[in-house]
There are 2 protein chains.
Amino acid sequence: MPLSKTNSNRGRNSRIQREKRELILGAALEVFAAHGFRGSTIDQIADAAGMSKPNLLYYFGKKEDIHQSLIERLMDTWLDPLKAIDANGDPLAEICAYIKRKLEISRDFPKESRLFANEILQGAPRIISMIEGELKTLVDEKAKLIQGWMNEGKLNPCDPHHLLFSIWATTQHYADFDVQVRAVLAKDTQGDAHFDGAAVFLENLFCKGLKPRT
Amino acid sequence: MPLSKTNSNRGRNSRIQREKRELILGAALEVFAAHGFRGSTIDQIADAAGMSKPNLLYYFGKKEDIHQSLIERLMDTWLDPLKAIDANGDPLAEICAYIKRKLEISRDFPKESRLFANEILQGAPRIISMIEGELKTLVDEKAKLIQGWMNEGKLNPCDPHHLLFSIWATTQHYADFDVQVRAVLAKDTQGDAHFDGAAVFLENLFCKGLKPRT
DNA sequence: ATAATATTTTATCAATTGGTCAAATTTTGA
DNA sequence: TCAAAATTTGACCAATTGATAAAATATTAT
(Lines give C-alpha, C1' and ligand atoms only; values in the text may rest on other atoms or scores of the structure.)
Protein backbone atom coordinates (compact mmCIF):
# COMPACT_ATOMS: atom_id res chain seq x y z
CA MET A 1 0.00 0.00 0.00
CA PRO A 2 1.70 3.17 -1.15
CA LEU A 3 1.58 6.70 0.14
CA SER A 4 0.20 6.26 3.65
CA LYS A 5 0.08 9.40 5.73
CA THR A 6 0.13 8.15 9.29
CA ASN A 7 3.86 8.13 9.93
CA SER A 8 5.75 11.38 9.60
CA ASN A 9 8.76 9.72 8.01
CA ARG A 10 6.75 7.55 5.66
CA GLY A 11 4.37 8.21 2.83
CA ARG A 12 4.15 11.63 1.22
CA ASN A 13 6.44 13.23 3.76
CA SER A 14 9.42 10.94 3.33
CA ARG A 15 12.70 12.33 2.15
CA ILE A 16 12.47 10.34 -1.07
CA GLN A 17 8.98 11.62 -1.74
CA ARG A 18 9.99 15.21 -1.28
CA GLU A 19 13.17 14.91 -3.31
CA LYS A 20 11.66 12.99 -6.19
CA ARG A 21 8.62 15.23 -6.42
CA GLU A 22 10.99 18.20 -6.53
CA LEU A 23 13.08 16.53 -9.20
CA ILE A 24 10.00 15.85 -11.30
CA LEU A 25 8.66 19.39 -10.94
CA GLY A 26 11.99 20.83 -12.03
CA ALA A 27 12.07 18.62 -15.11
CA ALA A 28 8.41 19.31 -15.87
CA LEU A 29 8.94 23.07 -15.61
CA GLU A 30 11.62 22.83 -18.26
CA VAL A 31 9.45 20.77 -20.59
CA PHE A 32 6.12 22.56 -20.10
CA ALA A 33 7.80 25.98 -20.45
CA ALA A 34 9.29 24.91 -23.75
CA HIS A 35 6.30 23.16 -25.33
CA GLY A 36 3.11 24.08 -23.47
CA PHE A 37 0.86 21.54 -21.85
CA ARG A 38 -0.40 19.71 -24.93
CA GLY A 39 2.98 19.78 -26.61
CA SER A 40 4.72 18.14 -23.66
CA THR A 41 4.83 14.41 -23.02
CA ILE A 42 5.22 12.44 -19.83
CA ASP A 43 8.09 10.58 -21.47
CA GLN A 44 9.96 13.85 -22.03
CA ILE A 45 9.48 14.84 -18.41
CA ALA A 46 10.48 11.39 -17.15
CA ASP A 47 13.60 11.48 -19.33
CA ALA A 48 14.50 14.96 -18.08
CA ALA A 49 14.00 13.75 -14.52
CA GLY A 50 16.07 10.63 -15.16
CA MET A 51 13.39 8.14 -14.23
CA SER A 52 10.98 5.76 -15.89
CA LYS A 53 7.47 6.87 -16.84
CA PRO A 54 5.68 4.51 -14.44
CA ASN A 55 7.98 5.68 -11.69
CA LEU A 56 7.09 9.29 -12.41
CA LEU A 57 3.42 8.39 -12.45
CA TYR A 58 3.87 6.87 -9.01
CA TYR A 59 4.49 10.38 -7.70
CA PHE A 60 2.04 12.28 -9.89
CA GLY A 61 -0.92 10.22 -11.00
CA LYS A 62 -1.64 12.23 -14.13
CA LYS A 63 0.12 14.61 -16.50
CA GLU A 64 -2.27 17.33 -15.45
CA ASP A 65 -1.39 16.86 -11.76
CA ILE A 66 2.21 17.83 -12.47
CA HIS A 67 1.13 20.91 -14.38
CA GLN A 68 -1.32 21.83 -11.65
CA SER A 69 1.39 21.59 -9.01
CA LEU A 70 3.68 23.84 -11.03
CA ILE A 71 0.96 26.44 -11.57
CA GLU A 72 0.04 26.48 -7.90
CA ARG A 73 3.57 27.07 -6.66
CA LEU A 74 4.08 29.62 -9.43
CA MET A 75 1.16 31.75 -8.33
CA ASP A 76 2.81 33.11 -5.21
CA THR A 77 5.88 34.17 -7.16
CA TRP A 78 3.54 35.79 -9.61
CA LEU A 79 1.29 37.73 -7.28
CA ASP A 80 3.70 38.64 -4.47
CA PRO A 81 5.35 41.64 -6.15
CA LEU A 82 1.98 43.19 -6.90
CA LYS A 83 0.82 42.54 -3.33
CA ALA A 84 3.98 44.24 -2.12
CA ILE A 85 3.00 47.63 -3.55
CA ASP A 86 2.62 49.59 -0.36
CA ALA A 87 -0.17 52.12 0.05
CA ASN A 88 1.93 53.94 2.62
CA GLY A 89 5.07 54.17 0.51
CA ASP A 90 6.09 56.92 -1.88
CA PRO A 91 3.97 56.39 -5.01
CA LEU A 92 6.67 56.80 -7.62
CA ALA A 93 9.14 54.76 -5.61
CA GLU A 94 6.58 51.98 -5.16
CA ILE A 95 5.91 51.75 -8.89
CA CYS A 96 9.62 51.80 -9.69
CA ALA A 97 10.31 49.10 -7.13
CA TYR A 98 7.51 47.00 -8.61
CA ILE A 99 9.01 47.28 -12.08
CA LYS A 100 12.42 46.35 -10.74
CA ARG A 101 11.06 43.32 -8.89
CA LYS A 102 9.11 42.13 -11.92
CA LEU A 103 12.19 42.44 -14.10
CA GLU A 104 14.23 40.47 -11.58
CA ILE A 105 11.65 37.72 -11.73
CA SER A 106 12.00 37.58 -15.50
CA ARG A 107 15.74 37.30 -15.06
CA ASP A 108 15.68 34.74 -12.25
CA PHE A 109 12.61 32.66 -13.17
CA PRO A 110 12.36 32.77 -16.95
CA LYS A 111 11.01 29.25 -17.23
CA GLU A 112 8.24 30.03 -14.79
CA SER A 113 7.40 33.08 -16.85
CA ARG A 114 7.25 31.04 -20.04
CA LEU A 115 5.11 28.40 -18.35
CA PHE A 116 2.67 31.12 -17.39
CA ALA A 117 2.83 32.74 -20.83
CA ASN A 118 2.19 29.41 -22.54
CA GLU A 119 -0.83 28.86 -20.36
CA ILE A 120 -2.33 32.31 -21.01
CA LEU A 121 -1.49 32.17 -24.70
CA GLN A 122 -3.33 28.90 -25.04
CA GLY A 123 -6.46 30.32 -23.49
CA ALA A 124 -5.61 29.76 -19.80
CA PRO A 125 -7.87 26.67 -19.62
CA ARG A 126 -6.36 25.53 -16.34
CA ILE A 127 -6.02 28.88 -14.56
CA ILE A 128 -8.83 31.05 -15.84
CA SER A 129 -10.64 30.87 -12.51
CA MET A 130 -7.57 32.16 -10.69
CA ILE A 131 -7.22 34.99 -13.22
CA GLU A 132 -10.86 35.99 -12.92
CA GLY A 133 -10.78 35.61 -9.16
CA GLU A 134 -7.65 36.20 -7.13
CA LEU A 135 -5.69 38.10 -9.79
CA LYS A 136 -8.54 40.38 -10.82
CA THR A 137 -9.38 41.20 -7.21
CA LEU A 138 -5.78 42.08 -6.47
CA VAL A 139 -5.38 44.10 -9.65
CA ASP A 140 -8.55 46.07 -9.03
CA GLU A 141 -7.42 46.86 -5.51
CA LYS A 142 -4.00 48.08 -6.63
CA ALA A 143 -5.48 49.97 -9.57
CA LYS A 144 -7.71 51.82 -7.13
CA LEU A 145 -4.69 52.64 -4.97
CA ILE A 146 -2.76 53.97 -7.97
CA GLN A 147 -5.80 55.94 -9.11
CA GLY A 148 -5.95 57.48 -5.67
CA TRP A 149 -2.31 58.54 -5.93
CA MET A 150 -3.05 60.13 -9.28
CA ASN A 151 -6.07 61.97 -7.91
CA GLU A 152 -3.85 63.39 -5.17
CA GLY A 153 -1.44 64.66 -7.81
CA LYS A 154 1.31 62.34 -6.67
CA LEU A 155 1.45 60.62 -10.05
CA ASN A 156 0.63 61.85 -13.51
CA PRO A 157 -2.81 60.58 -14.46
CA CYS A 158 -3.24 57.59 -16.72
CA ASP A 159 -5.30 54.39 -16.75
CA PRO A 160 -3.93 52.23 -13.90
CA HIS A 161 -5.02 48.96 -15.51
CA HIS A 162 -3.17 49.72 -18.71
CA LEU A 163 -0.23 50.86 -16.64
CA LEU A 164 -0.09 47.45 -14.97
CA PHE A 165 -0.48 45.67 -18.32
CA SER A 166 2.45 47.64 -19.68
CA ILE A 167 4.63 46.81 -16.73
CA TRP A 168 3.79 43.13 -17.05
CA ALA A 169 4.34 43.17 -20.80
CA THR A 170 7.66 44.98 -20.79
CA THR A 171 9.21 43.02 -17.96
CA GLN A 172 7.93 39.57 -18.89
CA HIS A 173 9.02 40.18 -22.47
CA TYR A 174 12.64 39.61 -21.45
CA ALA A 175 11.77 36.10 -20.23
CA ASP A 176 9.07 35.09 -22.70
CA PHE A 177 10.77 36.43 -25.83
CA ASP A 178 14.25 35.66 -24.54
CA VAL A 179 15.29 33.95 -27.77
CA GLN A 180 14.35 36.98 -29.85
CA VAL A 181 15.86 39.48 -27.43
CA ARG A 182 19.19 37.65 -27.44
CA ALA A 183 19.15 37.19 -31.22
CA VAL A 184 18.51 40.87 -31.81
CA LEU A 185 21.03 42.10 -29.26
CA ALA A 186 23.45 39.40 -30.42
CA LYS A 187 26.22 40.41 -28.03
CA ASP A 188 27.06 37.94 -25.28
CA THR A 189 24.22 35.56 -26.10
CA GLN A 190 24.95 33.95 -22.75
CA GLY A 191 24.47 35.77 -19.49
CA ASP A 192 22.02 38.34 -18.22
CA ALA A 193 23.98 41.51 -18.92
CA HIS A 194 21.18 43.01 -21.01
CA PHE A 195 18.87 43.01 -17.99
CA ASP A 196 20.80 45.96 -16.60
CA GLY A 197 20.15 47.93 -19.77
CA ALA A 198 16.51 46.93 -19.59
CA ALA A 199 16.25 48.11 -15.99
CA VAL A 200 17.68 51.51 -16.83
CA PHE A 201 15.44 51.85 -19.86
CA LEU A 202 12.24 50.82 -18.09
CA GLU A 203 12.84 52.99 -15.05
CA ASN A 204 13.36 55.93 -17.39
CA LEU A 205 10.33 55.08 -19.54
CA PHE A 206 7.83 54.63 -16.75
CA CYS A 207 9.11 56.98 -14.09
CA LYS A 208 9.77 59.95 -16.34
CA GLY A 209 6.21 59.65 -17.61
CA LEU A 210 4.73 59.16 -14.17
CA LYS A 211 6.64 61.83 -12.26
CA PRO A 212 4.36 64.81 -11.66
CA ARG A 213 5.53 68.07 -13.23
CA THR A 214 6.29 70.32 -10.30
CA MET B 1 -0.95 12.37 -61.24
CA PRO B 2 -1.64 15.23 -58.86
CA LEU B 3 -0.54 18.80 -58.86
CA SER B 4 0.78 19.32 -62.38
CA LYS B 5 1.85 22.83 -63.20
CA THR B 6 1.61 22.99 -66.97
CA ASN B 7 -1.92 24.30 -67.39
CA SER B 8 -2.80 27.61 -65.77
CA ASN B 9 -6.24 26.43 -64.73
CA ARG B 10 -5.02 23.08 -63.47
CA GLY B 11 -2.67 21.97 -60.75
CA ARG B 12 -1.59 24.31 -58.00
CA ASN B 13 -3.18 27.31 -59.61
CA SER B 14 -6.71 25.97 -59.91
CA ARG B 15 -9.53 27.68 -58.11
CA ILE B 16 -10.04 24.66 -55.89
CA GLN B 17 -6.37 24.55 -54.98
CA ARG B 18 -6.31 28.19 -54.01
CA GLU B 19 -9.54 28.05 -52.05
CA LYS B 20 -8.76 24.86 -50.17
CA ARG B 21 -5.27 25.91 -49.30
CA GLU B 22 -6.69 29.15 -47.97
CA LEU B 23 -9.30 27.25 -46.00
CA ILE B 24 -6.66 25.01 -44.48
CA LEU B 25 -4.37 27.90 -43.57
CA GLY B 26 -7.22 29.68 -41.82
CA ALA B 27 -8.07 26.60 -39.81
CA ALA B 28 -4.42 25.91 -39.06
CA LEU B 29 -3.87 29.46 -37.86
CA GLU B 30 -6.64 28.99 -35.34
CA VAL B 31 -5.26 25.70 -34.09
CA PHE B 32 -1.53 26.53 -34.08
CA ALA B 33 -2.21 29.88 -32.36
CA ALA B 34 -4.12 28.09 -29.62
CA HIS B 35 -1.81 25.12 -28.98
CA GLY B 36 1.58 25.77 -30.54
CA PHE B 37 3.14 23.49 -33.15
CA ARG B 38 3.67 20.38 -31.06
CA GLY B 39 0.34 20.72 -29.28
CA SER B 40 -1.63 20.88 -32.52
CA THR B 41 -2.72 17.86 -34.51
CA ILE B 42 -3.50 17.43 -38.18
CA ASP B 43 -6.86 15.99 -37.18
CA GLN B 44 -7.76 19.19 -35.33
CA ILE B 45 -6.84 21.29 -38.34
CA ALA B 46 -8.69 18.99 -40.73
CA ASP B 47 -11.76 19.13 -38.52
CA ALA B 48 -11.61 22.91 -38.31
CA ALA B 49 -11.27 23.05 -42.07
CA GLY B 50 -14.14 20.60 -42.54
CA MET B 51 -12.21 18.01 -44.48
CA SER B 52 -10.63 14.61 -43.96
CA LYS B 53 -7.03 14.27 -42.86
CA PRO B 54 -5.81 12.61 -46.06
CA ASN B 55 -7.57 15.28 -48.06
CA LEU B 56 -5.77 17.97 -46.10
CA LEU B 57 -2.48 16.15 -46.62
CA TYR B 58 -3.17 16.21 -50.34
CA TYR B 59 -2.71 19.99 -50.20
CA PHE B 60 0.06 20.18 -47.61
CA GLY B 61 2.25 17.10 -47.55
CA LYS B 62 3.34 17.48 -43.93
CA LYS B 63 2.19 19.19 -40.75
CA GLU B 64 5.29 21.31 -40.83
CA ASP B 65 4.50 22.55 -44.35
CA ILE B 66 1.29 24.15 -43.12
CA HIS B 67 3.09 25.84 -40.27
CA GLN B 68 5.84 27.00 -42.58
CA SER B 69 3.31 28.55 -44.95
CA LEU B 70 1.66 30.41 -42.11
CA ILE B 71 4.94 31.74 -40.78
CA GLU B 72 6.04 32.91 -44.21
CA ARG B 73 2.92 34.90 -44.93
CA LEU B 74 2.96 36.24 -41.37
CA MET B 75 6.41 37.71 -41.73
CA ASP B 76 5.40 40.58 -44.01
CA THR B 77 2.64 41.63 -41.63
CA TRP B 78 5.20 41.46 -38.89
CA LEU B 79 8.03 43.43 -40.43
CA ASP B 80 6.13 45.98 -42.53
CA PRO B 81 5.28 48.44 -39.73
CA LEU B 82 8.92 48.59 -38.66
CA LYS B 83 10.04 49.05 -42.25
CA ALA B 84 7.56 51.90 -42.55
CA ILE B 85 9.36 54.07 -39.99
CA ASP B 86 10.46 56.92 -42.21
CA ALA B 87 13.86 58.52 -41.76
CA ASN B 88 12.49 61.70 -43.32
CA GLY B 89 9.43 61.96 -41.11
CA ASP B 90 9.08 63.74 -37.81
CA PRO B 91 10.79 61.50 -35.24
CA LEU B 92 8.17 61.62 -32.51
CA ALA B 93 5.34 61.27 -35.01
CA GLU B 94 7.05 58.30 -36.63
CA ILE B 95 7.42 56.47 -33.32
CA CYS B 96 3.83 57.24 -32.35
CA ALA B 97 2.55 56.04 -35.70
CA TYR B 98 4.57 52.83 -35.29
CA ILE B 99 3.03 52.19 -31.91
CA LYS B 100 -0.44 52.83 -33.30
CA ARG B 101 0.13 50.49 -36.23
CA LYS B 102 1.50 47.73 -34.02
CA LEU B 103 -1.49 48.03 -31.71
CA GLU B 104 -3.86 47.82 -34.68
CA ILE B 105 -2.15 44.63 -35.75
CA SER B 106 -2.73 43.16 -32.28
CA ARG B 107 -6.38 44.12 -32.58
CA ASP B 108 -6.87 42.93 -36.15
CA PHE B 109 -4.57 39.89 -36.26
CA PRO B 110 -4.51 38.47 -32.74
CA LYS B 111 -4.21 34.89 -33.90
CA GLU B 112 -1.19 35.72 -36.02
CA SER B 113 0.34 37.39 -32.99
CA ARG B 114 -0.26 34.33 -30.84
CA LEU B 115 1.14 32.05 -33.53
CA PHE B 116 4.31 34.14 -33.51
CA ALA B 117 4.41 34.30 -29.71
CA ASN B 118 4.01 30.54 -29.44
CA GLU B 119 6.86 30.04 -31.84
CA ILE B 120 9.22 32.41 -29.99
CA LEU B 121 8.18 31.10 -26.58
CA GLN B 122 9.00 27.59 -27.64
CA GLY B 123 12.49 28.56 -28.71
CA ALA B 124 11.72 29.72 -32.26
CA PRO B 125 13.03 26.44 -33.75
CA ARG B 126 11.45 27.10 -37.12
CA ILE B 127 12.16 30.83 -37.48
CA ILE B 128 15.39 31.46 -35.62
CA SER B 129 17.28 32.07 -38.87
CA MET B 130 14.77 34.75 -39.89
CA ILE B 131 15.08 36.37 -36.46
CA GLU B 132 18.87 36.37 -36.55
CA GLY B 133 18.90 37.48 -40.17
CA GLU B 134 16.19 39.65 -41.64
CA LEU B 135 14.69 40.86 -38.36
CA LYS B 136 18.00 41.68 -36.69
CA THR B 137 19.25 43.55 -39.76
CA LEU B 138 16.08 45.61 -39.91
CA VAL B 139 16.06 46.29 -36.17
CA ASP B 140 19.70 47.37 -36.18
CA GLU B 141 19.02 49.72 -39.07
CA LYS B 142 16.03 51.34 -37.37
CA ALA B 143 17.80 51.46 -34.02
CA LYS B 144 20.58 53.41 -35.70
CA LEU B 145 18.05 55.81 -37.20
CA ILE B 146 16.40 56.36 -33.81
CA GLN B 147 19.79 56.80 -32.18
CA GLY B 148 20.56 59.47 -34.78
CA TRP B 149 17.36 61.29 -33.93
CA MET B 150 18.32 61.21 -30.27
CA ASN B 151 21.79 62.51 -31.00
CA GLU B 152 20.22 65.43 -32.86
CA GLY B 153 18.11 66.20 -29.79
CA LYS B 154 14.89 65.36 -31.57
CA LEU B 155 14.09 62.60 -29.09
CA ASN B 156 15.03 62.15 -25.48
CA PRO B 157 17.90 59.69 -25.30
CA CYS B 158 17.38 56.08 -24.38
CA ASP B 159 18.47 52.68 -25.69
CA PRO B 160 16.72 52.25 -29.07
CA HIS B 161 16.76 48.44 -28.90
CA HIS B 162 15.01 48.41 -25.55
CA LEU B 163 12.62 51.03 -26.86
CA LEU B 164 11.63 48.70 -29.69
CA PHE B 165 11.33 45.74 -27.30
CA SER B 166 8.98 47.78 -25.12
CA ILE B 167 6.83 48.77 -28.04
CA TRP B 168 6.59 45.17 -29.20
CA ALA B 169 5.87 43.94 -25.69
CA THR B 170 3.18 46.46 -24.81
CA THR B 171 1.31 46.25 -28.09
CA GLN B 172 1.53 42.50 -28.61
CA HIS B 173 0.45 41.96 -25.02
CA TYR B 174 -3.11 42.86 -25.99
CA ALA B 175 -3.18 40.00 -28.48
CA ASP B 176 -1.02 37.42 -26.74
CA PHE B 177 -2.46 37.89 -23.25
CA ASP B 178 -5.93 38.65 -24.53
CA VAL B 179 -7.61 36.21 -22.14
CA GLN B 180 -5.97 37.81 -19.14
CA VAL B 181 -6.59 41.37 -20.31
CA ARG B 182 -10.27 40.68 -20.83
CA ALA B 183 -10.59 38.82 -17.52
CA VAL B 184 -8.98 41.67 -15.60
CA LEU B 185 -10.93 44.44 -17.34
CA ALA B 186 -14.05 42.28 -17.16
CA LYS B 187 -16.30 44.86 -18.83
CA ASP B 188 -17.64 43.96 -22.24
CA THR B 189 -15.63 40.77 -22.55
CA GLN B 190 -16.58 40.82 -26.20
CA GLY B 191 -15.39 43.52 -28.58
CA ASP B 192 -12.27 45.59 -28.90
CA ALA B 193 -13.31 48.66 -26.95
CA HIS B 194 -10.33 48.41 -24.60
CA PHE B 195 -7.96 48.91 -27.53
CA ASP B 196 -8.90 52.59 -27.57
CA GLY B 197 -7.91 52.91 -23.93
CA ALA B 198 -4.70 51.09 -24.69
CA ALA B 199 -3.90 53.43 -27.59
CA VAL B 200 -4.37 56.51 -25.43
CA PHE B 201 -2.31 55.03 -22.64
CA LEU B 202 0.58 53.91 -24.84
CA GLU B 203 0.79 57.17 -26.77
CA ASN B 204 0.95 58.98 -23.45
CA LEU B 205 3.51 56.57 -21.97
CA PHE B 206 5.95 56.55 -24.85
CA CYS B 207 5.51 60.00 -26.31
CA LYS B 208 5.59 61.93 -23.08
CA GLY B 209 8.83 60.19 -22.22
CA LEU B 210 10.33 60.66 -25.66
CA LYS B 211 9.33 64.27 -26.29
CA PRO B 212 12.38 66.49 -25.85
CA ARG B 213 12.06 69.08 -23.09
CA THR B 214 12.06 72.40 -24.88
C1' DA C 1 -19.12 12.79 -74.56
C1' DT C 2 -14.99 11.23 -73.01
C1' DA C 3 -10.41 10.63 -71.76
C1' DA C 4 -7.13 12.79 -68.91
C1' DT C 5 -6.46 14.84 -64.75
C1' DA C 6 -7.58 16.42 -60.14
C1' DT C 7 -9.78 15.58 -55.82
C1' DT C 8 -11.73 12.87 -52.14
C1' DT C 9 -12.46 8.82 -49.48
C1' DT C 10 -11.55 4.50 -47.21
C1' DA C 11 -8.52 1.54 -45.23
C1' DT C 12 -4.40 1.06 -43.24
C1' DC C 13 0.35 1.65 -40.94
C1' DA C 14 4.01 2.16 -37.52
C1' DA C 15 5.17 5.18 -33.85
C1' DT C 16 3.85 7.77 -29.95
C1' DT C 17 1.05 8.80 -26.11
C1' DG C 18 -1.22 8.69 -21.47
C1' DG C 19 -1.85 5.41 -18.32
C1' DT C 20 -2.20 0.53 -15.75
C1' DC C 21 -0.61 -3.73 -13.56
C1' DA C 22 1.80 -7.01 -11.09
C1' DA C 23 6.12 -8.46 -9.96
C1' DA C 24 10.71 -7.28 -8.26
C1' DT C 25 13.51 -4.51 -5.39
C1' DT C 26 14.66 -1.30 -1.83
C1' DT C 27 13.87 1.19 2.36
C1' DT C 28 12.06 1.62 6.88
C1' DG C 29 10.81 1.00 11.75
C1' DA C 30 10.66 -2.09 15.51
C1' DT D 1 17.19 -8.88 11.67
C1' DC D 2 13.03 -8.99 9.36
C1' DA D 3 8.44 -8.14 8.10
C1' DA D 4 5.79 -4.34 6.44
C1' DA D 5 5.65 -0.62 3.60
C1' DA D 6 7.54 2.13 -0.13
C1' DT D 7 9.69 2.43 -4.50
C1' DT D 8 11.10 0.92 -9.03
C1' DT D 9 10.81 -1.79 -13.10
C1' DG D 10 9.23 -4.02 -17.32
C1' DA D 11 5.58 -5.62 -19.74
C1' DC D 12 1.56 -4.18 -21.36
C1' DC D 13 -2.98 -1.42 -23.42
C1' DA D 14 -6.12 1.30 -25.93
C1' DA D 15 -6.29 5.66 -28.14
C1' DT D 16 -4.10 9.07 -30.84
C1' DT D 17 -0.90 10.72 -34.16
C1' DG D 18 1.54 11.75 -38.60
C1' DA D 19 1.56 9.77 -42.77
C1' DT D 20 0.74 6.49 -47.07
C1' DA D 21 -1.57 3.72 -50.81
C1' DA D 22 -5.04 2.63 -53.70
C1' DA D 23 -9.55 2.90 -55.10
C1' DA D 24 -13.51 5.86 -56.01
C1' DT D 25 -15.34 10.15 -57.47
C1' DA D 26 -15.48 14.62 -59.56
C1' DT D 27 -13.72 18.07 -62.73
C1' DT D 28 -11.76 19.78 -66.82
C1' DA D 29 -10.35 20.55 -71.65
C1' DT D 30 -11.22 19.11 -75.98
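The centres of domain 1 and domain 2 of chain A, taken over C-alpha atoms, lie 29 Å apart. This is a predicted model, in which local features need pLDDT of at least 70, side-chain atom pairs count only at pLDDT 80 or more, and totals for chains, interfaces and linings use all residues. Residues are numbered from 1 along each chain as its sequence is written, chains are lettered from A and ligands numbered from 1 in the order in which they are written, and side-chain values use heavy atoms, with hydrogens and water left out.

Domain 1 of chain A covers 11-61 and domain 2 covers 71-210. These bounds come from an automatic or database domain assignment. Nine residues from domain 1 of chain A and eight residues from domain 2 of chain A make the contact (heavy atoms within 4.5 Å). About 770 Å² is buried between the two domains of chain A, and carbon and sulfur atoms give 57% of that area. Buried area here is the accessible area (1.4 Å probe) that two parts lose on being put together, summed over both. Three residues stand out on the domain 1 side. Leu29(A), Ala33(A) and Phe37(A) supply 56% of the area that domain 1 of chain A buries against domain 2, more than any other three residues.

Now take the fold of chain A. Its secondary structure comes to 10 helices and zero strands. Helices (H or I, at least four residues) and strands (E, at least two) are DSSP runs, numbered from the N terminus. Along the principal axes, the C-alpha atoms of chain A fill a box of roughly 70 × 45 × 30 Å.

One helix pair shows the packing. The axes of α6(A) (residues 110-121) and α8(A) (residues 160-176) come within 8 Å and cross at roughly 105°. Axes are lines fitted to C-alpha atoms, for helices over the stretch in contact, and angles run from 0 to 180 degrees between N-to-C directions. α6(A) and α8(A) are therefore roughly perpendicular to each other (65 to 115 degrees). Pro110(A), Ser113(A), Arg114(A) and Ala117(A) of α6(A) meet Gln172(A), Ala175(A) and Asp176(A) of α8(A).

Conventions
Angles under 35 degrees count as roughly parallel, over 145 as roughly antiparallel, 65 to 115 as roughly perpendicular and the rest as oblique.
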